[in-house]
Amino acid sequence: MIARLAIGVSAVMVALGGAELLHWSASRSTAARRAAATGSCGIVVLGFPSRRDGRLHPIQRWRTEIGVRSLSSVEKGFVVFTGGSSRGRISEAEAMAAYAVQLGVPAERIRLETGSRSTWENVRFALPMIETCDWIAIASDPMHAARARRYALQQRPDLGGRLVFAQNYRFAERWWLKVPTAAYELRFWRRPKSAYGPAGQRNKRSPTGTAKSAPI
C-alpha cells in the first residue's frame, strides 16, 4: 500500500513538474522580443468557451488575467478579446471583456473580435485590428500562446519583427490547469507545420465580428 501511494505521488509530481517545465519553455519560444519598447502595444487575448450555465470558465479567467497584466506592463495600447458565441449566449470575447472591466481595465482600452471559432481564426481576425500598433503580443496560457504566435508568423510574416512576449508565464500559476492544457497542446507540437493552417481547424466561419468598445 505504501509503495503504491509513493508511486502515485511520484507520478503526480512528475506530471506537475513536467507541465510546469513545458509551459515555462513555451513562454520563451517562437521568435519574439522580450518586452515592448516605447510605443503602443496591441494585445490579443485568445478566447475560450464559457461554462454551459454562462459562468466564466477558469481558463477564461486565467487568460483574461494574463491579458490584463500584460496591458498594465506597456506604456500605451489596448487589448483585443477574441472568440465568438459557442454556446448560444454572449460571445467568448464579451464574457472575458466584462471580467477585464471588473479587474479595472477601462472600457476604452478594450476591443472585441466576436467572429472567430478557433485559435487560427482568433489570430487571423484580430491581427488587422492591431496591425497599426508599434508592438503586438498574444496573451493566453503559455503553450497556447506559443502556438498562436506560430500562427501569427504564418499568417502575417511581415509583422514578425513587432511580436513581443506577453506576461503569459508565472511559476505555479493555475498549476491544476497546466497539466491538461499541456497535454492538449502537445498534440499540436507533434503535427507538421502544414497542419497549422486552416485545413487543421474546425468550426471555421467567415469573420462577422467587428472592432467595438466593450460594454461596461
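Which residue forms a salt bridge with Arg147? In this predicted model, the partner is Glu185, with the closest N and O atoms 2.7 Å apart. A salt bridge is defined here as a side-chain nitrogen of Lys or Arg within 4 Å of a carboxyl oxygen of Asp or Glu. Glu185 belongs to helix α6 (residues 175-189) and Arg147 to helix α5, so the pair ties together parts that are 38 residues apart in sequence. Both Glu185 and Arg147 are buried, where buried means under 20% relative accessible area, exposed over 50% and partly exposed in between (1.4 Å probe, protein chains only).

Residues are numbered from 1 along each chain as its sequence is written, and side-chain values use heavy atoms, with hydrogens and water left out. Because the model is predicted, local features need pLDDT of at least 70 and side-chain atom pairs count only at pLDDT 80 or more, whereas totals for chains, interfaces and linings use all residues.

Helix α5 comprises residues 142-155 and spans 20 Å from its first C-alpha to its last, close to the expected 20 Å; the expected span is 1.5 Å times one less than the number of residues. Helices (H or I, at least four residues) and strands (E, at least two) are DSSP runs, numbered from the N terminus. Of the 14 residues of α5, 12 are buried, so the helix is largely enclosed by the rest of the structure. Among the buried residues of α5 are Pro142, Met143, Arg149, Arg150, Tyr151 and Gln155.

Eight salt bridges are present in the structure. One of them joins the side chains of Asp141 and Arg63, at 2.7 Å from N to O. Asp141 lies in the loop between β4 (135-139) and α5, and Arg63 in helix α2 (residues 58-72), so this pair ties together parts that are 78 residues apart in sequence. Asp141 and Arg63 are both buried. Asp53 and Arg55 also form a salt bridge, their closest N and O atoms being 2.7 Å apart. Glu131, Arg156 and Asp158 are linked in a salt-bridge network.

Helix α6 also contains Lys178, which counts as buried at 2% relative accessibility. The side chains of Lys178 and Glu20 are joined by a polar contact of 2.8 Å. A polar contact is a pair of N or O atoms within 3.5 Å; within protein, one must be able to donate a hydrogen and the other to accept it, and residues adjacent in sequence count only if both atoms are side-chain atoms. With residues up to four places away in sequence not counted, Lys178 touches residues including His23, Trp62, Tyr169 and Phe171, contact meaning heavy atoms within 4.5 Å.
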